[in-house]
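User: Hello! I am new to this structure and would like to learn how to read it. Could you walk me through it?

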Amino acid sequence: MLAAGETRLLRGVQEQRALGAALAQALAPGSLLFLEGELGAGKTTLTQGLLAALGFGGHVTSPTYALMQVYPVPAGQVLHVDAYRVRDVSELYEMDLDELVAGSRLSVIEWGERLYGDYPEAPIYLLEHVGGDPELRRVTRRR
Ligand SMILES: Nc1ncnc2c1ncn2[C@@H]1O[C@H](COP(=O)(O)OP(=O)(O)O)[C@@H](O)[C@H]1O
Ligand SMILES: [Mg+2]
């Protein structure tokens with residue numbers, strides 16, 4: 001878990017997953033985490049580490065086609081949302097987003113910029129490639 005504004009370099013998939021695990025431990029039940037970053041930046045890898053730390057042993061993918069994915073974990077469920085193809089965020093609220101978030105152990109939303117104002121307490125993590133080094137990612141907690 002980074003402090004707001006902090007940046008860190010992550011070398012390799014293990015460190016990417018470890019950040020997800022640390023976030024899972026740090027964020028209380030009902031919390032929401034926003035992830036930003038282009039394709040390949042490591043959003044799914046971080047989410048895999050987060051879910052593994054919460055006891056989910058199955059396969060984790062990007063939820064692009066499902067829009068929302070619910071993973072059962074011993075502490076309840078983890079909600080994974082990809083808002084990329086959502087035309088209007090009212091679509092998400094019509095799917096009871098508020099209740100789903102409140103009722104989940106943790107929620108992860110990718111491409112959720114349009115929801116940032118509605119969930120001002122939720123941390124935003126930006127993941128980026130680092131010039132030319134495929135084994136490196138930069139993570140910045142934007143708030
Ligand atoms: N910190 C890292 N260092 C090296 N490779 C990484 C790192 N994080 C993720 N990867 C690799 O980058 C690729 C894309 O990661 P992925 O998590 O699917 O990105 P996204 O979900 O943001 O599109 C995967 O092959 C993954 O193993
Ligand atoms: Mg992904």
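Analyst: Happy to. Let us begin with one pair, E1 and strand E7 (residues 133-141), which run antiparallel and share 5 bridges. Helices (H or I, at least four residues) and strands (E, at least two) are DSSP runs numbered from the N terminus, and two strands pair if DSSP finds at least two bridges between them. Within this pair, Arg11 has Leu136 of E7 as its bridge partner. This is a predicted model, where local features need pLDDT of at least 70, side-chain atom pairs count only at pLDDT 80 or more, and totals for chains, interfaces and linings use all residues. Residues are numbered from 1 along each chain as its sequence is written, while chains are lettered from A and ligands numbered from 1 in the order in which they are written.

User: In what order do the 7 strands form the open sheet?

Analyst: Strands of a sheet pair through backbone hydrogen bonds, either parallel or antiparallel. Here the order is E1-E7-E6-E2-E5-E4-E3, with mixed pairing. Strand E1 (7-11) and strand E3 (68-73) are the edges, each pairing on one side only.

User: Which strands does helix H1 touch?

Analyst: Contact means C-beta atoms, placed from the backbone, within 7 Å. Helix H1 (residues 13-26) touches E1, strand E2 (31-36), strand E5 (106-110) and E7.

User: Which residues are closest to ligand 1?

Analyst: A residue counts as near if its C-beta atom, placed from the backbone, lies within 6 Å. Ligand 1 is surrounded by 16 residues, the closest being Gln16, Gly42, Lys43, Thr44 and Thr45. H1, H2 and E7 each supply at least two residues of that shell.

Terms used: Contact = placed C-beta atoms within 7 Å. Axes fitted to C-alpha atoms, helices over the stretch in contact; angles between N-to-C directions.
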